[in-house]
Amino acid sequence: MGALSIRNVRRSYGNVDILKGIDIEVEAGDFLILVGPSGCGKSTLLNIIAGLDKPTEGEIHIDGRDVTHALPKDRDIAMVFQSYALYPNMNVAQNISFGLEMRNVPKAEREAAIQRVSKMLQIEHLLDRKPGQLSGGQRQRVAMGRALARNPTLFLFDEPLSNLDAKLRVEMRAEIKHLHHKAQVTTVYVTHDQVEAMTLGDHIAVMKGGVIEQLGSPDDIYSRPASRFVAEFIGSPAMNIVDGERAANGFASHGIDLALTDAQRAAVGNAHAEGILYGLRPEALSFADAGLPGTISLLEPTGPETYVLLDTPIGKMMARVPGKVHQQLGDAVHLAWQARDAHLFDAKTERRVAGSG
Amino acid sequence: MSPAAAPSRFDWHRLALWSVLLLFAAVFLLPMYVMVTTSLKDMEQIRQGNLLSLPTSPSFDAWSKAWSHACTGVDCGGLKPFFMNSVVMVIPAVLISTLLGAINGYVLSKWRFRGSEVIFALMLFGVFMPMQVVLLPMSQVLGWLGMASSLWGLVAVHIIAGLASTTLFFRNYYVGLPDELVKAAMLDGAGFWRIFWRIIVPLSTPITVVTLIWQFTNIWNDFLYGIVFSGADSKPITVGLNNLANTTSSVKEYNVDMAAAMIAGLPTLFVYIVAGKYFVRGLTAGAVKG
């Protein structure tokens, strides 16, 4: 029995369907990421898990108990909000212990919890301050401390890092990962940031339009995206996708043959697809003496690597090459890649072509 | 030398601004000046007819007469009993209407339910409803409740009449508080009332001060409800003042009338001076909150 079980959850407001049947099983200690563009229903799903919203249909089980109609306080969960939602009228210590106080935990135990949590998060020196006197990062820590104080069976995070600046975000991301590793509490984490999703999650559910496009490990999601949407949503710069059709020796786009492995060729042959989409991650492309010809139309050096946008006969391609690039804008180059790095999708359904890798 | 000359340069804008402001201040303060000086004069000086002159031998005789032995109709006990009636009426009426407004605002902003917006719209209607409309039905209801012509009936009327504005104030203020505070408190295990008392009320100081001042001023200054719904010994200060000023005797004692008017007006003045800084802060609080 999983720590969290979401069974056929639907949610509609009037005749707008926000969630169209979500099924997820989360094992104890697992870190699940819900990721997707705005309006995909990820926050609604999190609110339903928290009990702040009710599903129109379906069930939520936490720790083997049906909590679909339970109040938020009876679910043994803690949540970190995007805006932190610290109580402005209470100091940090009171914020952390408010949940314990509401559950009639004796004062001595509350003090112990404050000490334990503040030590873990290194906020001991802030206990007497009001939230208004804290920086963004400190507020974030206090919000996590409030969630940690109760030792919940389930942690919920609603885009907790999106209000922080880039540097702090990376720090706090590492800290959350570290805390989860130490505490091993089952966690559901909503984000729209694919880097957070890839770095933090044991499992990732990529959502779009109220359905789960793909649920799997970060490696599954990245190496074997189940659909064109997942392929383009995860990974930066996004995957290059070109359209084409079956050709005599496999696959061609705009009259140019593109390499396929034997397995891919068989899969394309078996698929009943009208057209095929051929996807290549930017890091799969490299400069070579021969291959797909192209001219450089944009250079974006990031330091450790350079993003190169090229005009090729099959369309614009983004390549991600290590280090500096000595070529100039407008230079003609050739692109090469391994056939096994290609991702094939049905042009009509935009699903991955079965057996293609 | 030119930089030093700059401050002494004549500034027409500033002069115009100050002139206009001082003029308006004088216009507003002049009646107050006349009231205060007249109340400190004796009848001898008043009869000389110079409204703006300072009292030659200032005394509080008129004040003490207005307070304790001026005639209001056939009684000659001054304003004191009316003043006390008003105090006994205004304190529960202000506190209860403010508290109920806070609870209403809390429900209408943070615990919305099907139809809550309609209820809010209907309550808003109450803000614009003329007071006269409710006179007859209200006296009927007070009669049924056995509260007619009593101070408690008057308190009830003021609470009900004030609910529309107090609800509006608190609702609009609470809309600006993040919903996530309530959600976080729900997850922390707090219920409806604990969230209200522990989270919402401590954040309500500015709007509470605004509402208290608003309600105090309205209820203290009310004349219509006071004269319609009060009984013989439950008349508020405004009715007392009216009776005092309209009681005809051989001589019209302007100094006593002015002192009585000052007595009737001082409590609201006092409230504004004590809490005025919160009043301005509260009115603008909604505007600066992100």
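Domain bounds are taken from an automatic or database domain assignment. The structure is a predicted model, in which local features need pLDDT of at least 70 and side-chain atom pairs count only at pLDDT 80 or more, whereas totals for chains, interfaces and linings use all residues. Residues are numbered from 1 along each chain as its sequence is written, and chains are lettered from A and ligands numbered from 1 in the order in which they are written.

In chain B, the assignment gives domain 1 (11–59) and domain 2 (80–288). The C-alpha centres of domain 1 of chain B and domain 2 of chain B lie 33 Å apart. Eight residues from domain 1 of chain B and eight residues from domain 2 of chain B take part in the contact, two residues being in contact if their C-beta atoms, placed from the backbone, lie within 7 Å. On the side of domain 1 of chain B that touches domain 2 of chain B, two or more residues are given by each of helix H2 (12–40) and helix H3 (43–47) of chain B; helices (H or I, at least four residues) and strands (E, at least two) are DSSP runs, numbered from the N terminus. The largest share of this side, four residues, comes from H2(B). By class, this side of domain 1 of chain B has four nonpolar, two polar and two charged residues, where Ala, Val, Leu, Ile, Met, Phe, Trp, Tyr, Cys and Pro count as nonpolar, Asp, Glu, Lys and Arg as charged, and the others, Gly among them, as polar.

Chain A contains nine helices and 20 strands, and its C-alpha trace spans about 75 × 45 × 35 Å along its principal axes. Of its 357 residues, 40% count as buried; a residue is buried if 20 or more other C-beta atoms lie within 10 Å of its own, exposed if 12 or fewer, and partly exposed in between, with C-beta atoms placed from the backbone. Chain A is divided into domain 1 (4–231) and domain 2 (237–346), and the centres of these domains, taken over C-alpha atoms, are separated by 38 Å. Four residues of domain 1 of chain A are in contact with six residues of domain 2 of chain A.

An open sheet of chain A is formed by six strands in the order S6-S7-S8-S3-S9-S10, with mixed pairing; two strands pair if DSSP finds at least two bridges between them. Because S6 and strand S10 (211–216) of chain A stand at the edges, each with a single partner strand, one side of each is left without a neighbour in the sheet. The twist from one strand to the next averages 15 degrees. Helix H4 (residues 136–149) of chain A packs on the sheet and touches S6 and S7 of chain A, its direction making about 175 degrees with that of S6(A). Axes are lines fitted to C-alpha atoms, for helices over the stretch in contact, and angles run from 0 to 180 degrees between N-to-C directions. Within the sheet, strand S7 (residues 154–158) and strand S8 (residues 186–191) of chain A run parallel and are joined by five bridges. The bridge partner of A:Phe155 in S8(A) is A:Thr187.

Between the chains, 17 residues of chain A are in contact with 14 residues of chain B. Strand S6 (77–80) and helix H2 (92–102) of chain A each supply at least two residues of the side of chain A that touches chain B.
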